[in-house]
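The sequence and structure are shown first.

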Amino acid sequence: MTNKPSDQTDTTLDPDAPSTPSAVVQEKSARGAVTVLINRASRIFAATSLGTFMLLVLIVILFALLAGDRFFTTFNLRNIAIDTSGLLLISVGMTFVIIVAGIDLSVGAVLVFSAVIGAKAMIAAEGSPLQLWIGLAATVLAGLAWGIVNGILIAKASLPPLIVTLGTLSIALGLSYVISGGFDVRGVPPELNATLGTGSVLGIPNLVLVSAIVAAVAWVLLTQTRFGRHTFAIGSNLEAARRAGIAVERHLITVYAMSGLLAGLAGYLNLARFQTTTIAGHSNDILQAITAVTLGGTSLFGGVGTIVGTVIGTFIPAVLRNGLVILGIQPFWQQVVVGAMLIGVVYLDHLRRRARQKR
Amino acid sequence: METDQSTQGPKPIIEVVNVTKTYGKVQALRGANFSVYPGEVVALLGDNGAGKSTLVKTLSGVIQPDSGEVRAGGKPVKLSSPEDARVLGIETVYQDLALAPDLDAAANMYLGRESLRKGILGRLGFLDKADMRRGTSEAFERLGTGIQDTAAHVHTMSGGQRQAVAVGRALTWATSVVLMDEPTAALGVVQSERVAQLIGQVRATGLSVVLISHNLPFVFDVTDRIEVLRLGRRVARFETGSATVEGVVAAMTGALVQEEEA
């Protein structure tokens, strides 16, 4: 076994590059350096979902040109951000789930269920100084519980995620109706709306702040920690992860638990915003979340995905709808455009995968 | 040709004793024995279905035998997970390489034993990516893999490079035994030659290598000893230097049986 000849270093791109023994990086052939650069560039492109980002920029520029002053008002941009805050939470959880090559169809139903439980808890805790916190705990724990149920059924019982979460979707939604008697739970304390629902810090609405913080924490978790690394590894090659000693089952349960927890938190934001449970208003959440995550470049095959992409992917449909309304075009076109973009993005992913299998 | 155990000087570093394993109705191992001595390269041979893979998985902690035991340094050990095998210094190069294609070389190298930052950040699970890149670069340099970019995703690599990552990973972490399941199956002649040299390098560092291969010329080229499995039990042992292809094939096909007892 001979080491790669290092006499190629005389063709190094930078003739002044130091060639000290420690400067291993510089000790590469020119061709190697170029290949490394190209690889790095293509990785950065993929990693930041640059394509999707440019799409969003393009849409924004288009609306800015067509409706400039009306689109670029603080009021309007605030509205877009508030509209997407709940969906962003669900999409962030979904990003982890899809990276491990899973799916969670139950998030919309879990959101509703958690909101019903949270609303009931707050009504029961009427008069307590901790009323809002009790509501938060109840809502989030209800979501977490569903996530753990999903995770255990998928990881321990080895049932397909599609079926498990379709089942829990139905159960959670059914139970929401049973518990609420089919009517939206009213009587959510107005203080919740006054503080979390409509309050703001430094001009940033609290709802937006919460989802931004969650997205930031999720970004750190996914890109900087061992948990994130294992998430990618499991999605990329589950058996390899298992053989490498990663506790795959526990990790999967945690990922689905996170998804449930974030759906619960979204349920709480929902209560804060609308002061009621909006039971019938979330049947499309799951489709929107999957669309956002997929538009953001997370692969449904697992192993690939970014939070930044998901944030962008969440904003694209919202910005589109908003812009079309402002331009006076029927907002129904938004659905048409988003659907087409979704197919396009998945097709590109498919092409990438096919190209790499040919290697 | 027959080796008498009493004449063997050193004790086995790893020993499989009388192990059975049944999958449903299939008896993969029926009282299998297998020994690995310190610093040797030993081939585990057998026809398809002889139980080689099951035996290797037993040693790597992926499956647990129904009965019998594994001994390390003469003492019985329980390998109930890949983690247990690692603690004993046993690393495996799987036939499918067990790499995560969407992760880079460094991430694969450190899969399941990531370096963490020092202090509070490390306690929170923050990765020390620079340390892992450095360690991977050093390992690749040492092994002469020719892979320059440790941040390159494995799916962008050639078959030979992937193999190098998998082998490099096993060699970096092993402290006693490296199990190699069909390391030449997907390789060309030149690359197989590189693997042969690599195995020589490994032996020189004092590690033992267990080689599972159908490639008999390769086995005769690189091993010190050969053990043959047939229908779930060991049927013969050879010193490679005095063995013949005919003798080994006879043992694999059942024409020759040295060891009757289970």
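## Helix 4 of chain A

In this predicted model, helix 4 of chain A covers residues 107-124, a run of 18 residues. The distance from its first C-alpha to its last is 25 Å, close to the 26 Å expected at 1.5 Å a residue.

Burial, taken as under 20% relative accessible area, applies to 14 of the 18 residues of helix 4 of chain A, so this helix is largely enclosed by the rest of the structure.

## The four-stranded sheet of chain B

Strands of a sheet pair through backbone hydrogen bonds, in either a parallel or an antiparallel arrangement. In chain B, four strands make up an open sheet with the order 2-1-4-5, and their pairing is antiparallel. Strand 2 (26-36) and strand 5 (75-77) of chain B are the edge strands, each pairing on one side only. On average, neighbouring strands of this sheet are turned by 35 degrees against each other, with direction ignored.

At one end of the strand order, strand 5 of chain B pairs with strand 4 (residues 67-72) of chain B. This contact is antiparallel and runs over three bridges. Within strand 5 of chain B, Lys75(B) is the residue that stands opposite Ala72(B).

## The hairpin of strands 9 and 10

Strand 9 (residues 225-230) of chain B is paired with strand 10 of chain B in the antiparallel sense, over six bridges. Arg230(B) has Arg233(B), in strand 10 of chain B, as its bridge partner. The hairpin formed by these strands has two residues between them, and Leu231(B) takes a positive phi near 50 degrees.

Strand 10 of chain B spans residues 233-239 and is mostly covered, with five of its seven residues buried.

## Cavities

Two cavities of 30 Å³ or more are present in the structure. The largest cavity holds about 190 Å³ of space. Its lining comprises 15 residues, of which Arg243(A), Glu91(B), Thr92(B), Tyr94(B) and Arg113(B) are the closest to the centre.

Which elements supply at least two residues each to the lining of the largest cavity? They are helix 10 (238-243) of chain A, together with helix 2 (82-87) and strand 6 (90-93) of chain B. Classified by residue type, the lining of this cavity contains eight nonpolar, two polar and five charged residues.

Note on methods
Residues numbered from 1 in each chain as written. Chains lettered and ligands numbered in written order. Predicted model: local features only at pLDDT ≥ 70, side-chain atom pairs only at ≥ 80, totals over all residues. Heavy atoms only, no water. 1 Å grid on protein atoms, 1.4 Å probe; cavity = no way out; pocket = protein on both sides within 12 Å on 5 of 7 lines; lining within 4 Å. Points joined across faces, edges and corners; volume = space filled by probe spheres on them. Nonpolar A, V, L, I, M, F, W, Y, C, P; charged D, E, K, R; others polar. Expected span 1.5 Å × (residues − 1). Buried < 20%, exposed > 50% of the residue type's maximum accessible area, 1.4 Å probe, protein only. Pairing = 2+ DSSP bridges. Axes fitted to C-alpha atoms, helices over the stretch in contact; angles between N-to-C directions.
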